[in-house]
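Please look at the protein shown below and read the briefing that follows alongside it. The points begin with some details of the backbone and then turn to the fold as a whole.

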Amino acid sequence: MKRAVYPGSFDPMTLGHLDIIVRAAEIFDELIVSVLNNKVKTPLFSVEERVKILEEATKGMPNVKIDSFSGLLIDYAKENDIHVVVRGLRAITDFEYELQIAQTNRVLSEGQVDTIFLTTNLEYAYLSSSSVKEIASFGGDISKCVPEYVAKLTYEKYGICKQNL
Ligand code: PNS
């Protein structure tokens, strides 16, 4: 059985993330989307909230499981017998960072964990969770960036009430 993990902060999950999830789920028998519980960063959404958002988005996808992890990704992969990491590449600016992480993980895992990149759908190439948060914090329109229920939750975090949501 081909299993893979798609790790990330998902703070919050965007349509770009969802596109990668849908496509990776078609390639692998089982895809585990795992939210990093990063003690260093202060996220907008708690790990539990991010997991819930991902569960809602993937409820019609039987081979997708949602989880969370802390610590090193390679340790999580080893504990769960996973040898493939999926990451999305939006543009050349992502490449250096992603290449470094992928190579580090391969070396740290002694060749046991490889990374596969899916190029982001052009429609979402400009998207990032950071820009979604910034736009929402000023009351801007994030309807093309995240599912409607995620938009509602994001505006709520900033105390913004949108009538049409
Ligand atoms: O969505 P993000 O924030 O770009 O995801 C980054 C992530 C979670 C893939 C990466 O930060 C990660 O795997 N962190 C866990 C710690 C780790 O394993 N670090 C070693 C690689 S340098």
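Proline 12 lies in the loop between β1 and α1, where strands (E, at least two residues) and helices (H or I, at least four) are DSSP runs numbered from the N terminus. This is a predicted model, in which local features need pLDDT of at least 70 and side-chain atom pairs count only at pLDDT 80 or more, while totals for chains, interfaces and linings use all residues. Residues are numbered from 1 along each chain as its sequence is written, and side-chain values use heavy atoms, with hydrogens and water left out.

**Backbone details**

- Most residues other than glycine have a negative phi, and most peptide bonds are trans.
- A cis peptide bond, with omega of about 0 degrees, joins aspartate 11 and proline 12.
- Phenylalanine 10, which is placed in the loop between β1 and α1, has a positive phi of about 50 degrees although it is not a glycine.
- Phenylalanine 10 is buried, with a relative accessible area of 3% (buried means under 20%, exposed over 50% and partly exposed in between, using a 1.4 Å probe and protein chains only).
- Glutamate 110, in the loop between α4 (92-108) and β5 (114-119), also has a positive phi, near 50 degrees, but glutamate 110 counts as exposed, at 71% relative accessibility.

**Overall fold**

- The protein has six helices and five strands, and along the sequence they follow the pattern β-α-β-α-β-α-β-α-β-α-α.
- With 165 residues, a compact globule would have a radius of gyration near 15 Å, and the 16 Å of this protein agrees with that; the radius is taken over C-alpha atoms, and the globule rule is 2.2 Å times the number of residues to the power 0.38.
- Of the 165 residues, 45% count as buried.

**Nonpolar cores**

- A nonpolar core is a set of buried Ala, Val, Leu, Ile, Met, Phe, Trp, Tyr and Cys residues joined through side-chain atoms within 4.5 Å.
- In the largest nonpolar core, which has 36 residues, Leu31, Val33 and Val86 touch the most other members.
- Elements that each supply at least two residues of this core include β1 (3-8), β2 (30-36) and β4 (84-89), while α1 gives the most, with six residues.
- Valine 86 touches, among others, Ala4, Ile20, Leu31 and Leu118, not counting residues up to four places away in sequence, where a contact means heavy atoms within 4.5 Å.
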